[in-house]
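Here are a few exercises to work through with the model open in your viewer. Try each task before you read its solution.

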Amino acid sequence: MRVKVLSSKSEKKQFIKFIYGLHDNDPYYCDTVLFNCRDLLFNAVTFAKNAVTEPVAVYCGQSIAAVCILIKPQNVPTLFMGCFEAQKNKKAETDLLFDYAEKRAKELGVKNLVMGINGHVSLGTGILQNCFNEEISFDSLYHPSYYKDYFDLRGYIKHGLCTYSNNQFKIRATPARAAGGFSIRFFDFKNYERDISIFERLTNDALKDTLFYFEPQEKFFYELFKSFKLLLKNENIIFAQKDGIEIGYAFWHPDFNKPLCFGKKNGAFKTWAKNRTFKHSKAKINAVAMQKNYRGSYGAALLASALDKELEKFSEIETTFVWDNNVKSVNLNLRNGFKVKRRYTVYEYITE
């Protein structure tokens with residue numbers, strides 16, 4: 001066994017080839033999860049270019065047994081282990097990978113090694129803990145059942161998170177009273193740079209106290225959305241405004257995985273082409289953000305109502321992940337009839 005940092009283009013292509021081979025014909029795996037990993041692997045976006053990124057593989061002879069990407073974002077005192085994949089019954093090999101990651105965390109002088117986040121919570125978060133025999137939805141990570149055992153046996157600190165689903169979604173009533181200055185508008189992709197900048201401002205403000213969140217550098221959300229904006233429509237991002245100034249948003253989209261081939265290579269073009277005419281019955285609530293001083297306001301109610309109207313044509317709704325320690329968001333989901341769907345864990349190793 002040996003650990004190797006992959007530096008050449010051909011080695012990085014082997015990283016991708018290993019993942020496709022590992023999940024070949026897996027009826028629950030969809031390769032849309034690879035879009036962000038490719039960007040990290042090949043330093044294709046500004047976030048990756050400005051970070052320390054190390055694609056790492058453990059070899060048994062000439063064959064890969066396990067891989068990950070180590071990401072140390074600029075000005076962030078954390079090393080992340082993302083895009084983890086491994087063959088079954090390879091504990092010794094994955095232990096070697098974990099040992100190397102712990103060693104690099106100490107060498108880089110960071111305070112912790114966080115495993116199960118692809119460099120930023122917006123790029124993929126968590127190691128799956130249940131629902132192993134269900135098709136994964138777009139923007140959620142999929143792992144076979146044995147992955148979690150590799151991490152659990154190391155005794156790392158665990159941080160829980162869940163997605164929530166609702167198969168009997170009921171639209172809430174539109175707020176009856178008007179309040180001065182509050183309004184709703186959709187994202188304008190013709191003014192993409194302006195509106196993504198507003199989205200970024202609101203996200204950073206709303207999530208600044210969220211576990212493992214850090215404010216990414218300029219162009220992060222611009223490049224993240226640009227990679228799949230052909231799939232999105234203006235109504236997928238709804239802004240709430242107060243006197244013409246954006247104070248919050250709701251970001252939702254259909255489950256773009258539904259028309260794709262699971263366990264096969266789809267790629268960006270096929271993902272777009274198959275979704276273009278597909279009649280979706282499932283939607284994802286990706287994020288809802290509201291400035292703190294407007295939470296519970298008429299503007300927040302107006303935003304919730306606008307979101308409900310967009311979602312009423314779908315028979316199933318699934319949220320993105322919510323940290324277990326985010327009690328307000330957990331209770332809000334439960335009050336609105338949502339139930340826990342997928343459970344995930346993020347693992348942490350303290351270097352100090």
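A residue counts as buried under 20% relative accessible area, exposed over 50%, and partly exposed in between, with a 1.4 Å probe and protein chains only. You're looking at a predicted model, where local features need pLDDT of at least 70, side-chain atom pairs count only at pLDDT 80 or more, and totals for chains, interfaces and linings use all residues. Residues are numbered from 1 along each chain as its sequence is written, and side-chain values use heavy atoms, with hydrogens and water left out.

**Exercise 1.** Find where Asn331 sits and classify its accessibility.

*Solution.* (Helices are DSSP runs of H or I with at least four residues, strands are runs of E with at least two, and both are numbered from the N terminus.) Next, the relative accessibility of Asn331 is 34%, so Asn331 is partly exposed.

**Exercise 2.** Work out how α1 packs against α2: at what angle do their axes cross, and which residues meet?

*Solution.* First the geometry. With axes as lines fitted to C-alpha atoms, for helices over the stretch in contact, and angles running from 0 to 180 degrees between N-to-C directions, α1 and α2 come within 10 Å and cross at roughly 160°. That makes the pair roughly antiparallel (over 145 degrees). Then the residues: Lys12, Phe15, Ile16, Ile19 and Tyr20 of α1 meet Leu34, Arg38 and Leu41 of α2. Sort that contact and you get six nonpolar residues, no polar ones and two charged. (Nonpolar covers Ala, Val, Leu, Ile, Met, Phe, Trp, Tyr, Cys and Pro; charged covers Asp, Glu, Lys and Arg; the others, Gly among them, are polar.)

**Exercise 3.** What is the phi of Asn75, and where is Asn75 found?

*Solution.* Phi of Asn75 is near 65°, a positive value in a residue other than glycine. Asn75 is in the loop between β3 and β4. With a relative accessible area of 74%, Asn75 is exposed.

Methods:
Parallel < 35°, antiparallel > 145°, perpendicular 65-115°, else oblique. Contact = heavy atoms within 4.5 Å.
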